[in-house]
Amino acid sequence: MLRWVAGGVLSLVATLSLAADMRPVAHSDFPQDDLEEVLLGRDLFFDPLLSGNRNISCASCHHGVLGSADAVPLSVGEGGKGLGKRRRGTPEAPAERHIPRNAPAIFNLGARDFTTLFHDGRVARDPDVPFGIRMPEGNALERPATSLLSAQALLPLLSPEEMAGAVGENPVAQAVSAGQIRGPRGAWALLAARIEAVPDYRARFTALKQSTAPLHISDIGNAIGAFLAFEFRADQSPFDAYLRGESNALTAPQARGMALFYGKATCSSCHAGRFQTDNDFHAIGIPQIGPGKDHASRADHGRAAITGVPDDAYCFRTPSLRNVALTAPYGHSGAYASLEAVVRHHLAPRESLMGFDPSTAPLPALAGYGAVVPQMPSPEELERIKAAITLDIPPLTDSEVNDIISFLHALTDPNSIGGKLGAPASVPSGLPVDSILD
């Protein structure tokens, strides 16, 4: 059935697409809330105690006031100071390089619709592996995780650039360098012991689990996952209202944009369903800026580095578009600063890639205060990225582009801005909590 929306009619293609694979988001699509675990997970998420050098928390790169990410193309991780565009390396604790990929947004990732996480899909549901969640080689789960979010929360703790620190700086970094992740002497056990030693954390875990058994890293990951699923749930947007049957929830431009998105513009061939993702991987030619995962050649082979399949080269996970207007910059490298820029890249990806101006994506300073203009890969690498592109969208007029952007704004849940709970004033370890004012 067609709906009249703000004086216009949705196309039949869009209406059938919506009816075929969408239903309103419900509370049952998310894990059941346990407020005590959520609050415990919040403190852990904001506590630098989980980093090797006790100087960075998960929230440093995924903060509610910054759209659940950090508002810069590539983060300054371990060794940095401040939040968002104010974050920088410092002479006292200089970061050696930027984190290779843009910090992804977290909105709605607790929903059961999501089957894979990280830009390259290194964490995914898989019934054929222990506990049903596939992790990178050497980092398999030791105990069950309550969600994908719980499992993925354990990996940034192991990254030297993100949270672990460099070789020789602390025992966690030493264990990571030696490949000792699991087991009683591994990096995860060292971090769990730190949390165990804080009386407030120990008492709260005892109450939550009704057990005094020693803490395991899975307990910490599960608490953080519970917080993330609660904090960054975003399902009260105008689009959600439309899915619930409120036919006038969208403005006329938003309705036209939705018709284009699920019709002529073919956006939904990848950004499918009610969360606008097919949980799959595609090569769309986002410009490679920063070090990439292959630091020597400034390359990033994306999904292929996980699967070893040549056809997966330069493919990255289709991100959800919920709250997308809040989560700039865009792309696995954060190359595009605005929604219009990244939408227009989709319309002409090869031309956009080859003509990209890196000065439009300045990176935070690694030491001192001056911004860094990113370096692009070699011409040969750019040609390889270009050759892998499979994106093919029909031409759109400027008016149609504007309508699609209007629809993307209709995916914003105003109640989720900043997160449901926000940052705690302090954390049980007594370590300082990052402030947007630093």
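The largest pocket in this predicted model has a volume of about 1,000 Å³. Pockets and cavities were located on a 1 Å grid over the protein atoms alone: a cavity is a set of points where a 1.4 Å probe fits but cannot get out, whereas a pocket is an open set with protein on both sides within 12 Å along at least five of seven lines. Lining residues have an atom within 4 Å of a point. Grid points are joined across faces, edges and corners, and a volume is the space filled by probe spheres set on the points. As this is a predicted model, local features need pLDDT of at least 70 and side-chain atom pairs count only at pLDDT 80 or more, while totals for chains, interfaces and linings use all residues. Residues are numbered from 1 along each chain as its sequence is written, and side-chain values use heavy atoms, with hydrogens and water left out.

The lining of the largest pocket comprises 49 residues. Nearest its centre lie His271, Ile284, Pro319, Leu321 and His346. Strand 9 (316-317), helix 12 (339-347) and helix 15 (398-409) each supply at least two lining residues; helices (H or I, at least four residues) and strands (E, at least two) are DSSP runs, numbered from the N terminus. Helix 12 contributes the largest share, 5 residues. By class, the lining holds 30 nonpolar, 15 polar and 4 charged residues. Here Ala, Val, Leu, Ile, Met, Phe, Trp, Tyr, Cys and Pro count as nonpolar, Asp, Glu, Lys and Arg as charged, and the others, Gly among them, as polar.

The second largest pocket holds about 510 Å³. Its lining has 19 residues, of which Arg122, Pro136, Asn139, Ser159 and Lys293 lie nearest the centre. Helix 4 (160-164) and helix 11 (304-307) each give two or more residues to this lining. Helix 4 gives the most, with 3 residues. The lining divides into 10 nonpolar, 3 polar and 6 charged residues.

The whole structure contains 1 cavity of 30 Å³ or more. The volume of the largest cavity is about 510 Å³. Of its 30 lining residues, His62, Pro104, Phe118, Pro156 and Glu162 lie nearest the centre. Helix 3 (148-152), helix 4 and helix 8 each give two or more residues to the lining. This lining has 19 nonpolar, 6 polar and 5 charged residues.
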